[in-house]
Amino acid sequence: MSLLSKVLPASGSLLTDTQWAALNQVIATLNSQQLTWVSGYLAGLAQSQSGIAAPEIQTQTAAKASLTILYGSQTGNAKGVATEYQAKAKDAGLQVNLINMADYKPRQIKNETHLLVVVSTHGEGDAPDDAVELHEFLGGKKAPKLESLKFAVIGLGDSSYEFFCQTGKDFEQRLSALGAKPLFERLDCDVDYDEQVSQWSEQFTEKLKPELKAGGQSQVVSLHGDNAVKASSQYSKKNPFTAKLIECQKITGRDSVKDIRHVEISLEDSGLSYQPGDALGVWFSNDPAQVDELLALLELDGNEDVTLGDEKLSLRDALLDKLELTQSYPKFVEAYAEASQNAELRALLEDKATLRSYLAERQIIDIVRQYPAKLSAEQLLLGLRAITPRLYSIASSQAEVEDEVHLTVALVEYDAFGHSHQGGASGFLANRLEEDQPVKVFIEHNDNFRLPADPDTSVIMIGPGTGIAPFRAFMQQRQADDASGKNWLFFGNPNFTQDFLYQTEWQALVKDGVLDRVSLAFSRDQQQKIYVQHRLREQGKEVYEWLQQGAHLYVCGDANQMAKDVDDALIDIVAEHGQQSIDQAKQYITELRKAKRYQKDVY
C-alpha cells in the first residue's frame, strides 16, 4: 500500500477523490528510494505545520542498495511467498520493498539495484494478470539496459502442466538479455513448495547480506486507495480456521449433466472478513474407501507410524489428511516406477507429452490399480506430494450474510477405467462432509478482482457455470451499498430448465432494479451451441457503449477456453464498433486491463 493509504484508507480518508487521484499519479512515477525520501519529507512537513520542529531533510541523491521484491500472483500463492520472504529479509536487517507488479511502473526497473521476482504461471504458460504489463515491457523494444541490476527469480507452477514455471523462466531470460546479472539460481516451485522455498530463502538471504547495507525500513507499496489495510487475522493457509458446514444443497436439476452445489459455511467467532472477489481456501480429507484400497493394493499396514516433517502419525491418517491422491503428477510416476521396477512406467517417463496425457486422465489409485506392487511406507511417501487446499470464489457478501461464507461448487465426478471418481475437495464437500461437521478454511484475498471504488460506475459481469459465484457476491454488495451504477450479467450453462443457477435471486434483483440487464446463453437448448462469447458479440454495440462510458468488465470461470474466447470477442467488438484496427483494439483492451477496468478470476 502507499505510505498514506496504510494510515488513511480511502473509505475514511481525509483526502478528496481528486486529491487521491493526484497523489497516486505522483507516486506511480517514484522508485522505492524516492518513496522513502518523500515519506520523510511529508512527515517533516506535517510536524512543521503542527508546530513541532521538523527534522532536517537530507537531499542526497545517492541511494543505498536495497532489495525490491516484485510479485505477480493469480491465486495468491506468489503473493504469499513474497510477503513471507519480505518478513524474513527484514528480520535479517535488510532494506526491502514489497510491490505488486500491477502497481509497479515498468520503467522504474532501471533504478533498482537488487531485485527478487516471485511470479506464478497459469494456463498455457501465461503470466498472471498482475505481471502482464511488466512481462511484456521487458520483452519489448522500450526495455532499458540493466547492467547494474542483480536479480533472482522464484517461479511457481504445477509440474503436471507442460509449461511448468514458464513465466519465471521468461523473466529470468528477459532480465539476463537486458544485461542484468543473476544473483542466485532460479527456483522452480511445484505445488508443495513450502520446504523448498524455506531452504532457498535462507541461502538467498546469506548471499544478500554482504550486498545490502542494513538499517533501511521495509515497505509495502500499493497505489490503490481502496487497498486499505485489512484487519489482521490469526488464521491463514498454514493456520486455518475450523469452521462448520451449515448446508450443501444441489442447485442443478435432476436431469442436469452437472452436479453443482450451493455451500454455506459458518465463520462464527473467527473474526475472518472478506470482500466480494476474494476466495475461500478449503482443506479437505481424501476418501477413506480409496485410502483403504490403496493400502491393500500396496500391501501396507495403515497403522504403521510414519513421519511427515515434524509430525508423527499413522500411515492411514497421513493418506487421509496430508497427501495428494486425487491429482496425479510426474513425481509419483518417477518414484513408483523406481520402487516397482516397472518397465512400462519407466518408458512412459521418457515421453513428456504422453506422460502428461496419461496423468491428466488418472488419479493416484488408477496408476496403482494398473501396476500393483508391494511397497514400503517410505517408498510410497517418497512419491506423494503434500495435499494442497482448493480455492473457491466466494459467492456472498458479508454485508448480506455476516459471519457466513457461501460457495458455488461443481462436483467433479466421472467414470474411468472401470471405476467411479470424484474430485478431492468437491467430493469432500458434497458427499463426505455432514452438516455441523468441521472444515478447515482460510480467506485468500484477491485485490485483482474488485468492484469499482465509485458506486456510480457500471459493471459488466461474464460468468458461465460456477463462474457466477463472485457476481452473486458483487450484487449483494451493490444492493447493500445502494450503488447507482448499472449492472449487466452474462451467464451460460447447458440448459435453462436444469442449470440456471440462482435463477430466483437474479429475477428478484431485476425486479428490484438492481440488475439492469441479463444476457443468457444455454448451450444445449438449441441445435447450434451458444456460449457467453456469442451473446457478447450479439450485444457488441451496447457492450462497447458501456465501456466507453467507463464501465468495468469482469470475467470468471474457465481459463482454458472460455476466457480466451471472451477476450477474442471483446477485441472484435472494439474493432467493429470503435472503428479500430485489430492492433488498436488489442491495445484498447490492454489499457482497460492496466486501468483495472478489465479483471479476470479464471482457473
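Trainee: Is Arg186 buried, partly exposed or exposed?

Mentor: Arg186 is partly exposed, with a relative accessible area of 23%. Buried means under 20% relative accessible area, exposed over 50%, and partly exposed in between (1.4 Å probe, protein chains only). This is a predicted model: local features need pLDDT of at least 70, side-chain atom pairs count only at pLDDT 80 or more, and totals for chains, interfaces and linings use all residues. Residues are numbered from 1 along each chain as its sequence is written, and side-chain values use heavy atoms, leaving out hydrogens and water.

Trainee: Which residue forms a salt bridge with Arg186?

Mentor: Side chains of opposite charge can pair when their charged atoms come close. Here the partner is Asp188, and the closest N and O atoms are 2.7 Å apart. The criterion is a side-chain nitrogen of Lys or Arg within 4 Å of a carboxyl oxygen of Asp or Glu.

Trainee: How many salt bridges does a search of the whole structure find?

Mentor: The search finds 26. Take Glu538 and Arg535, with closest N and O atoms 2.9 Å apart. They sit three residues apart in helix α19 (residues 532-538), which means about one helical turn separates them. Glu538 is partly exposed, at 48% relative accessible area.

Trainee: Are Arg450 and Asp447 buried or exposed?

Mentor: Both are buried. They form a salt bridge, with 3.1 Å between the closest N and O atoms. Arg450 and Asp447 also belong to a network of salt bridges that links them with Lys79 and Asp278.

Trainee: In what order do the six strands form the open sheet?

Mentor: Strands of a sheet pair through backbone hydrogen bonds, either parallel or antiparallel. The order here is β13-β10-β17-β8-β9-β14, and the pairing is antiparallel. The edge strands, β13 (390-393) and β14 (404-410), each pair on one side only. From one strand to the next, the twist averages 40 degrees. Strands (E, at least two residues) and helices (H or I, at least four) are DSSP runs, numbered from the N terminus. Two strands pair if DSSP finds at least two bridges between them.

Trainee: How many bridges join β9 to β14?

Mentor: Seven bridges join β9 (residues 260-266) to β14. Glu264 has His406 of β14 as its bridge partner. β8 and β9 are joined by six bridges, with Gln249 opposite His262 of β9. β8 and β17 pair over four bridges. There, Phe241 stands opposite Val441 of β17.

Trainee: Which strands does helix α15 lie across?

Mentor: Helix α15 (residues 424-432) lies across β8 (241-250), β9, β10 (279-282), β13, β14 and β17 (438-444). The helix runs at about 70 degrees to β13. Axes are lines fitted to C-alpha atoms, for helices over the stretch in contact, and angles run from 0 to 180 degrees between N-to-C directions. Contact means heavy atoms within 4.5 Å.

Trainee: At what angle do helices α16 and α18 pack?

Mentor: Two packed helices are described by the angle between their axes and the distance between the axes. For α16 (residues 469-481) and α18 (residues 503-511), the angle is about 30 degrees and the axes are 12 Å apart. Phe471, Arg472, Met475 and Gln479 of α16 meet Glu505, Trp506 and Leu509 of α18.

Trainee: How close do the axes of helices α21 and α22 come?

Mentor: The axes of α21 (residues 562-577) and α22 (residues 582-594) come within 8 Å and cross at roughly 115 degrees. Residues in this contact include Leu570 and Val574 of α21, and Ala585 and Ile589 of α22.
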